[in-house]
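Subject: Handing over the structure

Hello,

Here is the structure that I promised to pass on to you. Please open it beside this message, so that you can look up each place as it comes up.

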Amino acid sequence: MTSRDRLLGLTVVVLWGLNFLAIRIGLDHFPPFFFAALRFAVIAVPVLVFIPRPAVRTRWLLLYGTGFGILQFAFLFTAMCAGMPTGLASLVLQSSAPFTVVLGAVLLRERLRPVQVAGLAVAVLGMVVIGADRLAHATLLPVLLTLAGGLGWAFGNIGARQAGADSPGFDPLHLTLWMSVVPVLPLLALSMAVEGPGTGFRALGAAVTKADGLPALAALAYIAVLATVCGSGLWTYLMIRYPAGTVAPLSLLVPVVGIAAAWAVFDEEPSVAALIGGVIVIAGAFAATTARRTPEPVPERSLVQV
């Protein structure tokens, strides 16, 4: 990876690390499914009007939008509403890195070296440490929900990667923007079914008309513009330019920003066991996603359809 692209990756790290603070602020005002739908809706409307659809296969666009947009944020926002600390959420969500490696092996027939298998085992051990710590202090459910969000992100990574492999040369920012169109209606339908038909819209009306809603609107703007358009656009560019195993480790730096920012802003001091588990997870995921391997080309017909 070039120095320029490494700098772009670190920019994504900062944007996504601070994004967890914006999510916490927004969830203090909006119900989770509606907030997830809203963050994509503010992007999707102008995209449909002004941005040409990228020349990629529909199945990869749908996989990207479903994994990265619907599954990741439906589970993550629900987990944070259920008590997942902001900083710890930024850590556990990075399970997407080893999940991406596993999905690459299962769906794309990428070979795993022994060091990658060992790294995956270490990452799982770290998650067990974090889960045991959470179970001792509260409940395990938020951790499991966040892990499900990480798995959704991994599916999105595979979709973005395959879109680039099948259709090289398109604008990655256009792919990111059009990905935002996919989650809006499913998340809105989920909000209306679970949270109530008018709950989210009443919260939005209160945010617009009351002064105490300004932080929630500012958080929404940060998530939509900086985290999604800028951060995800740069991430998609890197995923298309480099193998998934080269890019995915960069996401392991996000918790460093997320935990530090949550500690500074929300006074969320992580437990020693959670920090130890986090170090184990990052070490294992780094080994799993940075091991050198020589991939073999796979004909399109041999890919597992998802």
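A search of the whole structure, which is a predicted model, turns up 13 aromatic pairs. A pair of aromatic rings is described by two values, the distance of the centres and the angle of the planes.

An α-helix has 3.6 residues a turn, so residues three or four places apart point the same way. Both phenylalanine 73 and phenylalanine 77 are buried. The residues of these two pairs, Trp16, Trp153, Phe73 and Phe77, belong to one aromatic cluster, whose other members include Phe30, Tyr64 and Trp235.

Two cavities of 30 Å³ or more are found in a search of the whole structure, and the largest cavity has a volume of about 120 Å³. Its lining is made of 15 residues, and those nearest its centre are Trp16, Asn19, Gln72, Phe73 and Leu93. Helix H1 (3-27), H3 and H11 are the elements that give two or more residues to this lining, and the largest share, four residues, comes from H3. Sorted by class, the lining of the largest cavity has nine nonpolar residues, five polar residues and one charged residue.

The second largest pocket holds about 230 Å³ of space. It is lined by 13 residues, of which Pro85, Arg134, Glu269, Pro270 and Ser271 are the closest to its centre. Two or more residues of this lining come from each of helix H4 (86-92), helix H6 (114-137) and helix H14 (272-290), and H6 gives the most, with three residues. The lining of the second largest pocket divides into six nonpolar, three polar and four charged residues.

Which residues of H9 are buried? They are Val184, Leu187 and Ser191, and because they cover an arc of only 80° around the axis, they are on the same side of H9. Leu185 and Ala193, by contrast, are on the other side of H9 and are exposed. The buried residues of H9 pack against helix H2 (32-50) and helix H3 (58-81). After H9 comes glycine 196, which has a positive phi, near 110°.

Another positive phi, of about 60°, is found at aspartate 267, although this residue is not a glycine. Aspartate 267 sits in the loop between helix H13 (254-266) and H14. Is aspartate 267 buried or exposed? Its relative accessible area is 61%, and because the cut-off for exposed is over 50%, aspartate 267 counts as exposed.

Methionine 239 is in helix H11 (residues 214-241) and is buried, with a relative accessible area of 1%. Between the C-alpha atoms of methionine 239 and alanine 160 there are 7.0 Å, although the two residues are 79 residues apart along the chain. Valine 115, which belongs to helix H6, is partly exposed at 43% relative accessibility.

With best wishes

Note on methods. Residues are numbered from 1 along each chain as its sequence is written. This is a predicted model: local features need pLDDT of at least 70, side-chain atom pairs count only at pLDDT 80 or more; totals for chains, interfaces and linings use all residues. Side-chain values use heavy atoms; hydrogens and water are left out. Buried means under 20% relative accessible area, exposed over 50%, partly exposed in between (1.4 Å probe, protein chains only). The arc is that of the directions from the helix axis to the C-beta atoms. Contact means heavy atoms within 4.5 Å. On a 1 Å grid over the protein atoms alone, a cavity is a set of points where a 1.4 Å probe fits but cannot get out, and a pocket is an open set with protein on both sides within 12 Å along at least five of seven lines; lining residues have an atom within 4 Å of a point. Grid points are joined across faces, edges and corners, and a volume is the space filled by probe spheres set on the points. Ala, Val, Leu, Ile, Met, Phe, Trp, Tyr, Cys and Pro count as nonpolar, Asp, Glu, Lys and Arg as charged, and the others, Gly among them, as polar. Rings of Phe, Tyr and Trp (its six-membered ring) pair if their centres lie within 6.5 Å; planes under 30 degrees apart count as stacked, over 60 as edge-to-face and the rest as tilted.
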